[in-house]
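Got your viewer open and ready? Let's take a walk through this one together, one selection at a time.

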Amino acid sequence: MKRSITAILSALCLLLGLCPTAVFAAAVTDTLVAQFSYAGGTAGTDVVGDKDTGYAVTMGGGTLHASVNGTDSRKLEWTSDAYTCGSASAAQPTMTAGSNNPWAVGAYIELRTSTVGYTDLHFSAKLGGTKKGPRDFKLQYSLDGVSFTDVGATYRITTNKVMEQAFSYVALPEELGNQEAVYLRMTAYTDVLINGSSALTGATGGETAVTDVVLTGTGTAQYYPQGDANQDYEVSTSDARVLLGSLIGSGTLTEQQTLLGDADESGALNTTDARYVMNICTGRAVKTFTAAGNGVPSVPSAGTVITLLGTTAEVEGTGATVSGNTVTVTEGGFYTVKGTMTDGQLIVAADDALDHVTLELDGVTMTCLNSSPLYVQSADKTTIVLKEGTTSTVSDTANYVFAAGTDEPSAAIFSKDDLTIEGAGTLVVNGNYGNAVTSKDDLKINGGTYRITAVNHGLRGKDSIRISDGDFLINAGGDGMQSDNIEDTTRGYITIEDGTFDITAANDGIQAETALSINGGTFDITTGGGSGSSPSSTDTNSYKGLKGNASVTVAGGSVTLNCKDDAVHSNGDVTLCGGAITASSGDDGVHADGLLLVCDPAALTVTKSYEAIEGVNITVTGGEMRLTSSDDGINAAGGTDDNTGYWYVKNNLLYLVSESTTGYTWELHTDAAFDVNANPYLVLDVNADVEYDIAFDISSEAGSGTPALSTDWYTAFGEDATSVADGWLTATNGSVTAALDLKGYFDWNGVPSDGKATVDKVLVKLAGSGTLCLGALQVSASDGITSALLTASGSTLTDSASASGVISLLDGVAATATSTSSSSSGSTGSMGGMGGMGGMESTSVGSLTITGGYMAVYAGGDGVDINGDAVMNGGTVVVHGPTDSGNGFLDFDGSFNVNGGLLVAAGSSGMMQTPSSSSTQYILSVKSSSTRTAGTAFGILDASGNTIVAFKPSKNYQAVVVCSPQIQKGTSYTAYYGGSCAGNETDGLYDGAYTAGTSIGSATVSSIVTSIGNSSSNRPGRW
């Protein structure tokens, strides 16, 4: 096997100068860089280090430090309290605030380590804490230990004294690789304790516990180039001197050094070897060496040229062969590919542990009529280089022929191993069978211009897609980009640093099975034909713009999204802490099933949506948002986003609510009052031919005792009555201990059963003593059935003949269903107060925390809808709308405390709700005698004529709420409509003076909430 030294040299050396370093990476695997894990110990006893200098990292190098106030070093200590970690309980290293060193925002736990020799870094850690410890943490990094930058990953501690995975395989910025010193901090960033109190700053006694801090990376173990006699990873005049020294007896070489230095292949060292090294370094010689027996991996060959000639090819050089219309590369090396292939394949079949193959595409055209034109069957790594100034085209057809028992290759460019594409040329890929480009491992793209069309996905990297730069135009019948490893939770991620992306996709724009991170670039993404339509109940596809099932992070770039479904979506957390997003959606603008965090310098504009932003817990610490929605502008609710209808209780009456793109249909069941001793029977219609996965949550209502409950589930009306069986579901304080035995697969709160009874209807009998809360009923089906699956019959909803106990459904608690009842009355309209519509089921959970930033909301439904509590400690919130009496500009189940910032909300008065009286900032609640038209000025002046607010609502309004630090107790204020506003206008707010129009009324502030005008119907909570 011949090898050329020119493969190692990237430029000629000057006489007596050093030759360029030749480095060849080993197989890419995750390697442990640094790790700190619990290794046993007792309270007050140092383990793996000491609390004065920081705990030593148990593997790798570095130390672990902590600070409770973000400034002064506070050592980690071993707690005396037991934390649950997995299935066991043990002491954990913690930082604890004391009276002389209390908590503050910025408290952190910091890993300091070196990453020399490693790239592609990932971070993991477990956190826990006590109720008085900090709740919200974010991951930050630094190279100097002074200036820290957010990574984008966040975590919220919610359970007392339980260690849970806080950060799981978080991809770190590339700049942290190969650094002498790297600082990684888990930093408390909100002023909130684990118990929910907004009083972290100054608190004492709480703990934050940490374990399993792990940093991994791709090792860059280096290979010695041929001629490197001193094994310093470069060929230089120093190697010549080492060779000469060994010949005159002034030095000795190891066996491997001798093999590396044997330049003339004579089997022994001599002066010729030294001369060859010198001549190569001065550019006066080129020598081919044999690598066999030198004990190091193969050095890539160079200079091989593959010329494509229609249905055959020619090879000049070594490492590749031609057989018919197939070119096969069998060795690592550098290959230039030219010409046109009208029907054939270029296959890479090299050593998958050692060989690195580089294919330079020099303006080629490649087509295969029955398979993949470019197929990487095996190699450690394959790199495709797009030669500058050239355009290469790779196309397949719809007519693939697979070998027996296989279904691959199946893309125009298909790789079974890691694939990197780079260069300054252009690549056109036409995927006429399925995907355009597929890597079953990692897909990396570092620059280049791409024009991609695909019947299915444009780019697919099963383990990951990592893009540092490039110009992309993608038109895909499936997803624009996809990483879909579902077997390994550390894979299936997409990271984009920069580039230009124009993506039109029939399904998702960019879809990651785990984490999607965007740190820069320009994006224009259209999915499902755009926001002109919304997903229907029969849709089986996803039409999201940016989708990460575990998380989505946008930390930079300019992103424009026009999507049939959610513009930004995650089944986990969404973090927007940079960049500018403009979204138009047929459903949600931004949707998170977990935490939705917005912070500086993020800019989010939602121009069209059903609900603009939706998450279980929404936290806004900065940034600028303008949100337009046909329903709720901001919705913080619990649950997932795939429900079709709801049981809903309002004022002790039961409604069944179904949702459509035009509003809600409400059906009132007048016989369903739950404030009497009634024992309702609930009839669920099911399809006897479909298997269901159903979860029915029954729990005790707080403050109503702890009854032991039994629930009868009777199957009835079966196709074959003799096959119908009875079943039991037993619940004690919400803990399900047995499962119902029914047809197919039913999952009752996670407990499966596999009964075989044939069932058309299920009659639910609720029995027991005490007061119950009937929680959410979730339904999904196997076999791809996505239409309405569950119906409820109102005519058999109650039966008082067997009454025992009291069944109480709390306001806002919903159960998924779609009604077919003929015994109900109903109306259609955009009803408000739901808190859980727009895809999220209402489970009376969800929170909104605002500490900064700017939000302007233009809502057709509720402006701000919270199924739990809200707190505003800073920032600006402006709400325009709604205009109908069934919605409110504020709608919350728990409390809405305003302690800082500016809140101005205007809209209809029928569902008017003010911030809570437990706020610390004063609130003026104004209600006019009649509706004022959009654009009519509104203002509030104090007794001295000073302007408190000058505002022009963009919609008709009758009610306005203003909460401002300018409003003071004991001062009289007058509200007006009409008149004029001066100064600069932003979202209807003016920064100049208001000139009085017609007075609505006056009042002197004597309490937190002060009413002006006809405000008697203001409600402090839900209706």
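Start by selecting Tyr450, Phe472, Phe501 and Phe523: ring pairs link these four into a cluster. Keep in mind as you look around that this is a predicted model. Across the structure there are twelve aromatic pairs. Now colour the strands: Phe472 belongs to strand 38 (residues 464–476) and Phe501 to strand 41 (residues 500–505), so the pair ties together parts that are 29 residues apart in sequence.

Then hop over to Tyr977, where the charged end of Arg932 sits over the ring, 3.6 Å from its centre.

Time for some backbone. Most peptide bonds are trans, and most residues other than glycine have a negative phi. With that in mind, go to the bond from Asp600 to Pro601: this peptide bond is cis, with omega near -5°. You'll find Pro601 in the loop between strand 51 (588–598) and strand 52 (603–608). Another stop of this kind is the bond from Gly881 to Pro882, also cis, with omega near 10°. Pro882 lies in the loop between strand 76 (869–880) and strand 77 (890–892).

Look for Tyr169 in strand 16 (residues 162–171). Is Tyr169 buried or exposed? Tyr169 is buried, with a relative accessible area of 11%.

For the last stop, select Ser1007, in the loop between strand 88 (998–1004) and strand 89 (1009–1013). Ser1007 is partly exposed, with a relative accessible area of 35%. What does the side chain of Ser1007 reach? Draw a distance to the backbone oxygen of Val1009 and you'll get 3.0 Å. Finally, show Lys969 as well: Ser1007 and Lys969 are 38 residues apart along the chain, with their C-alpha atoms separated by 7.2 Å.

Notes. Residues are numbered from 1 along each chain as its sequence is written. This is a predicted model: local features need pLDDT of at least 70, side-chain atom pairs count only at pLDDT 80 or more; totals for chains, interfaces and linings use all residues. Side-chain values use heavy atoms; hydrogens and water are left out. Helices (H or I, at least four residues) and strands (E, at least two) are DSSP runs, numbered from the N terminus. Buried means under 20% relative accessible area, exposed over 50%, partly exposed in between (1.4 Å probe, protein chains only). A polar contact is a pair of N or O atoms within 3.5 Å; within protein, one must be able to donate a hydrogen and the other to accept it, and residues adjacent in sequence count only if both atoms are side-chain atoms. Rings of Phe, Tyr and Trp (its six-membered ring) pair if their centres lie within 6.5 Å; planes under 30 degrees apart count as stacked, over 60 as edge-to-face and the rest as tilted. A charge sits over a ring if NZ of Lys or CZ of Arg is within 6 Å of the ring centre and within 35 degrees of the ring normal.
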